[in-house]
There are 2 protein chains.
Amino acid sequence: MAMPTPTTPGALSRELGNLLERGRDRQLRLAVTGLSRAGKTAFLTSLVNQLRHAGVEARLDLLPAARDGRLLGAQRLNQPDLGVPRFPYDPAMQALSDTPPRWPEPTRGISELRLALRYRPARGGWLRTSVSHLTLDLFDYPGEWLLDLPLLDQDYYQWCQSRPYARGEQRQAIFSEWLAAAEALDPAEEASEAVLAELAEAYAAGLKRARQLGFSHLQPGRFLLPGELEGAPVLQFFPLPYLDQPREALEALPDNSVYATLAARFRYYQKQVVQPFYRDHFRRFDRQIILVDVLGALNAGPERFEDLSRALGELMQSFSYGNRHLLNRLLAPRIDRLAVAATKADHVTPEQHDNLVALLNTMLKEPLKDLRFANVPVKAMSLAAIRATRTREVRQGRERLPALRGTDLEGEETLVYPGDVPASLPDAAFWQRQGFDFANFRPLPGTTGALPHIRMDAAIDWLIGDKLT
Amino acid sequence: MAMPTPTTPGALSRELGNLLERGRDRQLRLAVTGLSRAGKTAFLTSLVNQLRHAGVEARLDLLPAARDGRLLGAQRLNQPDLGVPRFPYDPAMQALSDTPPRWPEPTRGISELRLALRYRPARGGWLRTSVSHLTLDLFDYPGEWLLDLPLLDQDYYQWCQSRPYARGEQRQAIFSEWLAAAEALDPAEEASEAVLAELAEAYAAGLKRARQLGFSHLQPGRFLLPGELEGAPVLQFFPLPYLDQPREALEALPDNSVYATLAARFRYYQKQVVQPFYRDHFRRFDRQIILVDVLGALNAGPERFEDLSRALGELMQSFSYGNRHLLNRLLAPRIDRLAVAATKADHVTPEQHDNLVALLNTMLKEPLKDLRFANVPVKAMSLAAIRATRTREVRQGRERLPALRGTDLEGEETLVYPGDVPASLPDAAFWQRQGFDFANFRPLPGTTGALPHIRMDAAIDWLIGDKLT
């Protein structure tokens, strides 16, 4: 198409508008993370969906650019990182519009999607027709990868001393068989490839079992999602349970000893698995949102609730990383804004949402303090990326109680009152009552256009709203 | 353990022996490759098994070191490459000793296993007690990866012109639907992420379908085994069917055009997928064996037989790579010995084995010429890594015909006479007769010790025998 020669005043103003548009082009790399089952895939699907339907069907009243009709649309573009899998948005929407609707398949590893947002700036100035672009690169990746950050701060000896398999009674029970076998191993004996492989497999099986049972604080993270490293020696190490010799004696053992072999694999894991993620991806994200399944943990009981808190504490260290002198500054992130969101807010009645945010704030008190100290703006919130329930009021005697109506995973219509969310860390009395009853729901049927949600607009506003003014 | 002070003549000679042993230490990196279903896993399992049983149960008469009782044993060691999956020898042996016995699971991608061989040199000289070591690093990797080498010699324009989907009628039929959709695409139009992803998926589905139907010459190889690149744009390209514009016009198209987008992905594939395998692995192998399922191709008919020949021709270019000036010499291999073996020789009667080798030699006439020109010693042979049949003579009238007895995959005992293997490229008359009837067999039961084989000892002798003298 030939470009029009700017001879008329109208053409001139169009030309100036184009120049202005190009001048205002912005780019933002936004990452979504969370431990498995926190709702990363649902969040990213809903995020893309809301932006694509902004201004038409999507309800985004808490996002000023959308409320004021300035957000004109979102178009998918080719992503710049050719080696990163594309986030499967279409299959996810397909699953949600199936009969019966299904939750999208969870992603494994990192994935990416690029959007171009078109919007009219709030203060358009003298050129009312000006349109700006924001190029939004969206990523999701497993929060489990961030649990490996503390491994960079330790050497193999310190990691063994930390006894990661011994936190809590239920976890100890899971690892008891592995522990008995690992105790029999002499750090000084010659390493047998087969014995180490077997023990490492038993250790990885323990981690997987712990995750199934609802534990969160699991290291090393890649043992849970090995990908192409399945069966490689770099994933075949484990902490030696009892080291009664001093560090110097252990470190003097020959290269083919059990201790030296495991320590070498630990170092390789640090350098070839953990560091590359930080170097190639993490430090290039501008903003991130961490999703947390607080309600699931409340359901799972005190040991696993505490385990989630501890895991989040470790995970969030990655974001105040820049201030830690021990670690390589090259790996430090440039995060300029962070959100932490309790997901699945549609699984409790609306009057509980404030408690949910208050509880999240209490759980993350220490890491949030560190982040504020590191001058990273951070906000805690609650949301439902894809709302699966409707609120109903139920009369009970003279009272009107709020309740939830939805379809459970077996396809039964149900009406539930899940219970109260504690506003601060639950005490023994809470756990004894076992007062919390969390149900899983199917997505609502007929979600072909904009997805129903709770406060996705608030999340979007915090994460990108300032770039749309 | 304290070292004995060499005071007595016996101790002195032991010491000298130790010194000699260390001085003679050798290392060899041996790779096994072949297109899928050629028998890589069976071969590597048998290779490890024979070496571990050498001198005890294994029948290795064609390997002088074993025949003379000088090969003392093989021990597994920790492999040096921590990021490469370990070859699953134990699960493979487990499958073979199951009831009923099963073939081992095929490997995907590259895997590795390290053995230490202990042997007495043939010319021990004055020190009869001297023992030498050979450290043997064994690898297997998909031959499909080698089919990508020619892509390094081409740019995207040339690749499109080569029309890889149009070789032969049956292949054209497989790709007809994809072709109709791809023809509608204008190289100059703006690339749509979704449209390119869909067409690339259809192209990959065509490659997978072609492989299922017995085709071998399939590019790009990683489309068949994507691993962690599943869903990444680097695997989302395909040849544009009709390019009626000259190269210069196409190359001047903007970055976001269909042509430029696909060409960029093609280049990324060359640099980030094909080259790293050659750089990090291939050029570090000392010796290689290429396994070929000639009998399977004879069974599949003329188009697929010819396709296998062409695929092998391209694949074997990788081994005479050092002499090709167009390609980066840094990627050139240091191969000093090569074997090409027709596998599954136990699926034809013994008097056909000479024909099998003759046929293989004819199929590979041109690539073998290139290799000899490149001064790479190469030998063609036939073998059965794990023999699954027994030979029987059957009387028919006055004749005694050789036949095979085995158990088919459904568990039925069968007696078959598979037919004659042509000694040179089969002609039209051969294909019309459809005279070749290739059956699949289960492994023989009770294979817990040394695995039964045909000429594995000859293969081992060619590949490592000279290092055991």
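A: R37(B) counts as exposed, at 54% relative accessibility; exposed stands for over 50% relative accessible area, buried for under 20%, and partly exposed for anything in between, with a 1.4 Å probe and protein chains only. This is a predicted model, in which local features need pLDDT of at least 70 and side-chain atom pairs count only at pLDDT 80 or more, while totals for chains, interfaces and linings use all residues; side-chain values use heavy atoms, leaving out hydrogens and water. Residues are numbered from 1 along each chain as its sequence is written, and chains are lettered from A and ligands numbered from 1 in the order in which they are written.

The phi of R37(B) is positive, about 75 degrees, although the residue is not a glycine. Most residues other than glycine have a negative phi, and most peptide bonds are trans. R37(B) sits in the loop between β1 (26–34) and α2 (40–53) of chain B; helices (H or I, at least four residues) and strands (E, at least two) are DSSP runs, numbered from the N terminus.

Chain A has a positive phi at K344(A), near 60 degrees, again in a residue other than glycine. K344(A) belongs to the loop between β6 (337–342) and α13 (353–363) of chain A and is partly exposed, its relative accessible area being 21%.

Chain B also has cis peptide bonds. One joins T99(B) and P100(B), with omega about -10 degrees, and P100(B) lies in the loop between α4 (89–96) and β3 of chain B. Another joins Q219(B) and P220(B), with omega about -5 degrees; P220(B) is in the loop between α8 (193–212) and α9 (247–251) of chain B.

In chain A, helix α4 (89–96) has Y89(A), A92(A), M93(A), A95(A) and L96(A) buried. Seen down the axis of α4(A), these fall within an arc of 155 degrees, so they line one face of the helix; the arc is that of the directions from the helix axis to the C-beta atoms. They pack against α2 (40–53), β2 (71–77) and β3 (111–119) of chain A.

Between the chains, 27 residues of chain A are in contact (heavy atoms within 4.5 Å) with 27 residues of chain B. The two chains bury about 2,200 Å² between them, 48% of it on carbon and sulfur atoms; buried area is the accessible area (1.4 Å probe) that two parts lose on being put together, summed over both. In chain A, L82(A), R86(A) and E193(A) lose the most area to chain B, together 34% of what that side buries.
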